[in-house]
Amino acid sequence: MPEKTDGAPDDATGGSPADPAQPAAGAGGPGASGAPAVPGMPGAHTPGRAGAHAAGAAPAQGADGAGGGAAGGGADGSSGGSSRGGAPDGWDPQAWQTYQVRRRRAASGAWSVTPLAWAEAARPASPGPVPTAVLLAAALAGLASGLFLGDGAGLGLLIAAVPAVAGACLAARATRRRARAWSVTWALGCVALLGIPALRDAGWPSALALLAAVLLGALALHGSRTWPGVLLSPLGFVDSAVLGVRWAWSGLRSRGSGVDRARWLPVLKAAAVALVLLVLFGTLFASADAAFADLLDGLTPEISLGDGPVRLVLFLLGAVLALAAARAAAAPSRWDRIRIKPGKPRSRVEWALPLIVLDLLFAGFNAVQLAVLFGGYDKVLERTGLTYAEYARQGFWQLLWATLLTLAVIALALRWAPRGGAGDRRFVRAVLGTLCALTLVVVASALRRMDLYVDAYGLTRLRVSVAAMELWLGLVIVLIMAAGVFGARLLPRAVAASMAAAVLSFGLLSPDGMVAGTNVARFERTAKLDLAYVQDLSADAVPALDRLPEPRRSCALRGINDDLSRRGRVPWYAISLGEYRARQILRERPVTASYEVCRGLGTFHGRTG
């Protein structure tokens with residue numbers, strides 16, 4: 001990856017020219033890079049700045065070919081016969097340059113809908129001709145998507161991702177981008193997250209893993225390291241998809257007139273002969289031996305005319321995503337060049353007074369929580385009139401929102417914090433550090449209340465999800481405190497890494513298995529179990545529910561067993577490890593309880609049958 005991606009004004013990776021009054025020569029001026037001049041940015045023409053036209057406006061018009069003048073128009077603005085910065089008669093020079101920029105943006109994909117300053121700061125460079133290997137990798141990714149994703153995710157998702165990753169690596173290598181430690185880390189994390197659907201049958205942890213994989217993939221491709229870069233990098237896939245298709249189409253057109261038939265025609269003939277031989281002898285061997293036919297049927301995807309449109313869409317989607325990844329790897333969007341101006345610094349009194357009042361409120365609340373913890377819940381319940389479960393349920397959601405709002409307060413406080421010197425920095429760290437420490441106590445109190453809630457009502461998907469979110473928010477607060485001590489340069493990437501690690505751990509721990517295991521353990525203690533709820537869990541819950549005594553075991557597994565029966569036979573590339581284990585268990589110990597028995601146990605409470 002590039003050594004510098006922050007787009008400082010004086011480096012070669014981007015930014016504005018050092019001095020607009022100097023002639024545009026070499027790599028320092030916008031005319032050399034082909035970037036258009038932007039009104040309000042260094043190098044753009046503004047009234048009263050004669051040198052600005054020579055450094056920025058003329059190259060922009062020459063690159064665009066508009067304005068009524070030749071592409072190589074002189075720096076004196078004589079192009080187009082106007083003495084007002086090259087603008088035609090009747091045009092304001094600044095408005096003319098803005099029109100030029102918008103014309104260029106209209107031909108650059110999704111950038112046409114982004115703010116002007118962002119587009120000019122983060123616009124990717126031209127990657128050069130598309131390598132043939134990248135086109136083949138995109139075709140393989142599309143073919144794998146059409147063949148293996150039509151029946152579900154599972155291992156098929158990883159199989160389809162392999163050629164896409166290979167194409168991105170080849171595209172980066174063609175443009176001499178070097179892999180850096182963070183990029184490799186993001187890429188490995190992305191691949192690990194794509195493996196969650198192969199492990200878990202539940203759809204919701206798999207969906208979270210796919211969303212996190214998109215973020216890590218974008219960070220690996222774009223090399224972002226700032227807050228705008230981390231937050232906006234996934235949007236780069238939209239732009240890269242549009243530009244990637246154009247990139248591939250221009251590459252195919254350039255190769256269409258100069259195809260070396262003597263080189264490629266023998267390869268195509270050999271491939272066609274090999275395919276005919278495979279089909280012919282494979283059919284003969286399959287008809288001759290039932291075991292081989294069963295093996296061949298399990299290994300090859302089942303394709304019918306009915307699912308042809310779906311597989312065609314998957315093919316196109318896989319190919320486009322592979323091209324988007326390759327285009328971003330070859331010429332990434334430089335989101336780190338987007339600069340967000342800090343807010344106006346406030347005085348210590350104006351800034352600190354609301355935060356100190358909030359610190360005192362947090363301290364008072366935490367003191368009550370400690371008193372409850374050491375004084376016991378019985379006295380609190382007696383005074384409030386609440387039951388044990390009501391007290392736990394009443395507090396968790398409010399404390400979760402308090403944690404989220406605290407993070408928003410910290411972000412806004414940092415924006416308007418006093419920045420007069422070292423003394424102000426120490427003061428800000430003390431005030432916000434105290435708030436973070438007190439918030440950690442709120443997080444611990446919320447998790448304790450969730451523990452009480454689960455003990456009273458059992459664990460559900462929603463409860464395990466929000467508890468995991470609260471844990472991650474506590475980790476983010478710890479990272480903010482560490483950034484206050486060691487510096488905030490790594491904070492955006494650390495927060496992104498913590499999010500990805502939390503989602504990956506969530507998927508590996510199998511939340512549906514946790515829900516089932518916790519409720520089975522609660523049944524062993526209290527003989528209470530919501531059969532109507534647990535039978536709606538995914539196949540990941542089967543190993544835990546299998547520990548229940550009959551007939552509750554069969555009633556708890558009844559819904560999952562019916563769901564697996566409706567799915568029928570699932571190919572190896574679409575089945576998850578959780579589903580495979582569930583089918584094994586149900587095959588060895590089938591569901592035996594009748595419908596009447598399960599109805600008597602309350603299995604169909606709130607159901608129609």
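I looked up which residues touch between two helices: Arg553, Leu557, Asn561, Leu564 and Arg567 of H24 meet Glu579, Ala582, Arg583, Ile585 and Leu586 of H25. I sorted the residues of this contact by type and got 5 nonpolar, 1 polar and 4 charged. I note that this is a predicted model.

Next I took the geometry of the pair. Two packed helices are described by the angle between their axes and the distance between the axes. For H24 (residues 552-567) and H25 (residues 577-588), I read an angle of about 115 degrees. Their axes lie 11 Å apart. I also checked the hand: H24 crosses H25 in a left-handed sense.

Then I turned to confidence. The protein chain has an average pLDDT of 79. I find 74% of its residues at 70 or above. Which elements have the lowest and the highest mean pLDDT? Helix H2 (residues 50-64) is the lowest, at 35. Helix H23 (residues 542-545) is the highest, at 96. Residues 1-84 have pLDDT below 50. That stretch still shows 138 contacts in the model beyond near neighbours in sequence.

Last, I looked at Ala207. It sits in helix H9 (residues 203-222). Is Ala207 buried, partly exposed or exposed? I count Ala207 as partly exposed, because its relative accessibility is 39%, and that class lies between 20% and 50%.

Notes. Residues are numbered from 1 along each chain as its sequence is written. This is a predicted model: local features need pLDDT of at least 70, side-chain atom pairs count only at pLDDT 80 or more; totals for chains, interfaces and linings use all residues. Side-chain values use heavy atoms; hydrogens and water are left out. Helices (H or I, at least four residues) and strands (E, at least two) are DSSP runs, numbered from the N terminus. Buried means under 20% relative accessible area, exposed over 50%, partly exposed in between (1.4 Å probe, protein chains only). pLDDT is the predictor's confidence in each residue, from 0 to 100. Contact means heavy atoms within 4.5 Å. Axes are lines fitted to C-alpha atoms, for helices over the stretch in contact, and angles run from 0 to 180 degrees between N-to-C directions. A crossing is left-handed if the near helix is turned anticlockwise from the far one by less than a right angle, and right-handed if clockwise. Ala, Val, Leu, Ile, Met, Phe, Trp, Tyr, Cys and Pro count as nonpolar, Asp, Glu, Lys and Arg as charged, and the others, Gly among them, as polar.
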